[in-house]
Amino acid sequence: MSIVTVQLGQCGNQIGFEVFDALFSDSHCPQGLCSKRENEAYQASCKERFFSEEENGVPIARAVLVDMEPKVINQTLSKAAHSGRWKYGQHSCFCQKQGSGNNWAYGYSVHGPRHKESIMDLIQKEVEKCDSLSGFFIIMSMAGGTGSGLGAFVTQNLEDQYSNSLKMNQIIWPYGTGEVIVQNYNSILTLSRLYRSSDALLVHENDAVHKICAKLMNIKQISFRDINQVLAHQLGSVFQPTYSGEGSWHYRRNPLGIDWQIRPPLSGLPALSKMSTNKEFHFNTSIANLVILRGKDVHNADLGAFKDPALYTSWLEPVHAFNVWKTQRAFSKYEKSAALVSNSQFLVKPLDVIVGKAWNMFASKAYIHQYTKYGIEEEDFLESFTLLEQVIASYCNL
């Protein structure tokens, strides 16, 4: 089952390169803990998932690169080619000479419709190279212009054109201190559109990854490449193959195959009350947790704490909310490692902060004209606020 990756904007393309490089490096890293047969199966599964036919002995990433400026795409293509280990397809890129100026509306309403046919044609050609398509992995920022605006537009079109294939978006949450004055507007417009068209959102907060670089890795001068390599490591630890079942030698597990469609029952839910909406959270309530264990002693790991019903919403039994994937094949030279993918209340506070900041700007009509002149009306903002406030309320009441 193959995954087609779509890299959008400066952020998406820079992260995308690091992800493919981490995947390739890991799959070709010799592992003493595993047999030759197991290593070969792991490598073959990774290649089928993320790389297509070889060109002159060099695997080609199953990816489409999109940006409205050529600089980052040219740099990304060059880095991959110079590695000599893998590369991007010769005709898998789309770029123009004018960016979106951090304006979500320009990316969504101008670049999107104008270049829809060319971008979707590139994606279609990549899909046709897959013997079996698992779905799409879309890497984008949440706060800029091209990555977020065009990214939301492309995701919407993927949903229209490939409704039966899963769409997973990896989005970068902006620094709380602010990179772009209108980043909160861009963020709420991005999230509200993706909520309607994407099947799953994998969120990474810049502030959290920055802390990892500073406190855990002790990096003094933290660069975007440092941050992107941490992101790539985390994504690789989730996306690399794991066994299809206990005792199996077949690497089939695919994160795009997670059941992301968990819904509360239509009846039997406790009525929402002042008590439920104002309760103090002593822990992070989850809808679903997936733990992925790799390397030595994975079968001896004690995961009992993850099965505690108190961790999960009352309408789900832990047996339905918790899953674990394992492989003795280590990841990225680590003897043993664990990754957690969680659908939980963790983002309630940051989402509430972004919605609040965007609302304060909107109430004073700040910068709204930059959006209305490209077809995004005040009603679009109000719809986004309403939807995201509903999301916040739903997660608060887990």
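Here is a short walk through the cores and aromatic rings of this structure. The model is predicted, so local features need pLDDT of at least 70 and side-chain atom pairs count only at pLDDT 80 or more, while totals for chains, interfaces and linings use all residues. Residues are numbered from 1 along each chain as its sequence is written, and side-chain values use heavy atoms, leaving out hydrogens and water.

Let's begin inside. A nonpolar core is a set of buried Ala, Val, Leu, Ile, Met, Phe, Trp, Tyr and Cys residues joined through side-chain atoms within 4.5 Å; buried means under 20% relative accessible area, exposed over 50%, and partly exposed in between (1.4 Å probe, protein chains only). The largest such core has 51 residues, and Ile 123, Tyr 185, Ile 188, Tyr 371 and Phe 381 are those with the most contacts inside it. Apart from it lies another core, of 39 residues, including Leu 23 and Val 238.

Now for the rings. Rings of Phe, Tyr and Trp (its six-membered ring) pair if their centres lie within 6.5 Å; planes under 30 degrees apart are stacked, over 60 edge-to-face, and the rest tilted. The structure holds 22 aromatic pairs. One of them joins Phe 20 and Tyr 88 edge-to-face, 6.0 Å centre to centre with 80° between the planes. Phe 20 is buried, at 2% relative accessible area, and Tyr 88 is buried too, at 5%. By contrast, Phe 306 and Phe 322 are stacked, because their centres are 5.3 Å apart and their planes at 5°. Here Phe 306 is partly exposed, at 25%, whereas Phe 322 is buried, at 11%.
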